[in-house]
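Colleague: I want to learn how to read this model, feature by feature. Can we start with the charged pairs and then go to the sheet?

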Amino acid sequence: MKEIGHWINGKLVKGTSGRMADVFNPATGEVQARVALASKAELDAAVADAARAQVAWGATNPQKRGRVMMEMVRLINRDMDKLAEALSTEHGKTFPDAKGDVQRGLEVIEYSIGAAQMLKGEFTDSAGPGIDMYSMRQPLGVAAGITPFNFPAMIPLWKMGPALSAGNAFILKPSERDPSVPLMLAALFQEAGLPDGVLQVINGDKEAVDAILDNETVQGIGFVGSTPIAHYIYSRGCAAGKRVQCFGGAKNHMIIMPDADLDQAADALVGAGYGAAGERCMAISVAVPVGEKTADELVKRLIPRIEKLKVGPWTGGNDVDYGPVVTAAAKANILRLVESGLASGAKLVVDGRGFKLQGYENGFFVGPHLFDHVTADMEIYQKEIFGPVLSVVRAKTYEDALKLAMDHEYGNGTAIFTRDGDTARDFAARINVGMIGINVPIPVPLAYHTFGGWKKSSFGDLNQHGPDAFRFYTRTKTITARWPSGIKEGSAFNFKAMD
Ligand code: NAD
C-alpha cells in the first residue's frame, strides 16, 4: 500500500507518529493509500526548522522571491496534466474540473510574482522639521494554512503564493482526504528555487491542527473548511494572540426574476448546482424563482437538464458532468439529508437515490436530486448539503427573495438573474453576502480581487488573495526619523503637533 508522508526541509519524509488515515479512490471506493497523521512533536520540529529558514528568505529581496513565483508558474503549467490526474484520483472530480482547480490556484501564483509592488511601503517627506516618516510591510515570520478537501490545489496555492512571496515561511496542513497534490506542489516550489525549510507540508488531522494553534512561533493562520471548525480555529487562534482568518461553509442562493432568460438561468443552475458534485463552497444550492409562473417555467426547464447529467469516474471521458463525492461518509450524509427533505414535505422532482454505475458499485457516486417547494424551516434549506442536491424555494416577490437570502446564516456567494439593471443594482447594494453575481452563477473573483464571504461563512476581517492576502501575511512597521539638523533645542520633552 502506498504511504504518503510529509514534505519537510526539502524532502519527502515518512511520518513517525504511528498514526495513519486511509485515502480513498472515490470512484471505486477502494483505499488507494495511507497518509501519515503528524504528532505535535513532528509539527513543532517542522515549525522550528521553518523559523530558521525564514530568516534568509525574509531578507531576500522581493523581486527575487517574485522570480521563484514566476518559475513556479512555468512548472505548474508544465505539470498541469500530472497534477490534475493525481487530483482527480484522490478527489474524484472530472479531469477538466481538476485542471480548473490547478488553474485558479496558478493565477494567485501569477499575482504573487508582483510581491515587490505589493510590499512597497509609504513615505512622507518632511512630516516635521527634518523629519521623515515611512511605513514598511514585513513578513509575519512563520505562517500556517489549514485547507479543505474540495480544492486540494487551488486553496493551498491561494495561501502559499502570497505568504511565501511576502517573505514568510509557511506550514501547510492540507486535507488528509486528498493529500498528494500539495506534496507535488511543494516539490515544484523547490525546483522553482524556494530554499528548503521555507515551505513545510505536514499531513494530519485535529492533532496537527491543535499543534499549530498551540505553537507560539506560528504568527498567522489562514483556514478554509467547514464553519464549526472555522469558528473553533478562529476562537482558539485569536485567544493565543495569532492573526487568524477562517473561511467557512455556504448556502448560496440564486434569485431568478420573472424577466430573466429562463433557459440561461436553468443552464447556469445546472452547472453551478451539480458541477463537482456540488462540493464547491460557491455552488448554488438554493434557487429562488420570483413568482409562481417563473417557478413553474424554471422547474420545467431544470428537470430534463438534470435528468440528462452524466455521472461517472474522471476516466469516463469528456462528457462526464460530475464524479463521486469524496467519502462514503459524505455520501451517507447527503442521502440522509435527502430523506430529511422528503420527511419535511419538500417535493423531490428529480430523485437520484437509486443511482448505480456498472463496474463502480462501491464508488461514492450520488445521483442528482432536485427538490421543489422547499421552505425556510426545513433542514435541507438550513444546512450545507455539499452534494448534488438543488432546492427550489418559491418566493412571491423580489423583497421576499432578498429577505430569504439575507436571513440565512451563511453569506458566501449569491447571484441574481434578471435583465433589469435597477433590480440588479439594488440587490448588489443591499444583500449581506460577500460575493455577488449578476447573471453569473459562480462569481469567484479573479486573483487580483479578493475572495471572502460574510456572516458565518467567514471569521476575521481580511479576505483571501488580491491585496488583502499581502496585508494578512505582513505587518506594518512605521518609522519616524529626524536628523541632527532638524532638532531644535528644548523640544525633547514636548508632545505636540509637528510644525
Ligand atoms: P473540514 O472543516 O472538515 O476540514 C478542513 C480542514 O480542517 C482540514 O484540513 C481538516 O483536517 C481540518 N479539521 C477537520 N476537523 C477538525 C477538527 N475537529 N479540529 C481541527 N481541525 C480539523 O472541511 P472539508 O470537509 O475538508 O471541506 C468542506 C468545507 O469547506 C465546506 O463546508 C465548504 O463550504 C468549505 N469551504 C469553504 C470555502 C470558502 O472559501 N469559504 C472554500 C472551500 C471550502
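Colleague: How many salt bridges does a search of the whole structure find?

Modeller: The search finds 35. A salt bridge here is a side-chain nitrogen of Lys or Arg within 4 Å of a carboxyl oxygen of Asp or Glu. A caution on the source: this is a predicted model, where local features need pLDDT of at least 70 and side-chain atom pairs count only at pLDDT 80 or more, while totals for chains, interfaces and linings use all residues. Residues are numbered from 1 along each chain as its sequence is written, and side-chain values use heavy atoms, with hydrogens and water left out.

Colleague: Which residue forms a salt bridge with Lys-40?

Modeller: First the general idea. An α-helix has 3.6 residues a turn, so residues three or four places apart point the same way. Now the case. Lys-40 pairs with Asp-44, and the closest N and O atoms are 3.0 Å apart. Both sit in helix 1 (residues 40–59), four residues apart, about one turn of the helix. Helices are DSSP runs of H or I with at least four residues; strands are runs of E with at least two; both are numbered from the N terminus.

Colleague: What is the relative accessible area of Lys-40?

Modeller: It is 37%, so Lys-40 is partly exposed. Asp-44 is partly exposed too, at 24%. The scale: buried is under 20% relative accessible area, exposed is over 50%, and partly exposed is in between (1.4 Å probe, protein chains only).

Colleague: Which salt bridge links distant parts of the chain?

Modeller: Lys-456 with Glu-409, whose closest N and O atoms are 3.6 Å apart. Lys-456 is in the loop between strand 21 (454–455) and strand 22 (458–459), and Glu-409 is in the loop between helix 14 and strand 18 (410–411), 47 residues apart. Lys-456 is partly exposed at 40%, and Glu-409 at 37%.

Colleague: Now the sheet. In what order do the seven strands run?

Modeller: In general, strands of a sheet pair through backbone hydrogen bonds, either parallel or antiparallel. Here the sheet is open, with the order 15-16-17-14-13-19-20 and mixed pairing. Two strands pair if DSSP finds at least two bridges between them. Strand 15 (347–350) and strand 20 (435–438) are the edges; each has a single partner strand, so one side of each lacks a neighbour in the sheet.

Colleague: How do strand 15 and strand 16 pair?

Modeller: In the antiparallel sense, over three bridges. Lys-347 has Asp-372 in strand 16 as its bridge partner.

Colleague: Which strands does helix 10 lie across?

Modeller: Helix 10 (residues 262–274) lies across strand 13 (252–256), strand 14 (284–289), strand 16, strand 17 (389–392) and strand 19 (413–417). Its angle to strand 13 is about 170°. Axes are lines fitted to C-alpha atoms, for helices over the stretch in contact (heavy atoms within 4.5 Å). Angles run from 0 to 180 degrees between N-to-C directions. Helix 14 (residues 398–407) lies across strand 13, strand 14 and strand 19, at about 175° to strand 13.

Colleague: Which residues of helix 10 are buried?

Modeller: Among them are Leu-262, Ala-265, Leu-269, Val-270 and Tyr-274. Their cover includes helix 11 (292–307) as well as strand 13 and strand 14.

Colleague: What happens just after helix 10?

Modeller: Ala-276 takes a positive phi of about 55°.
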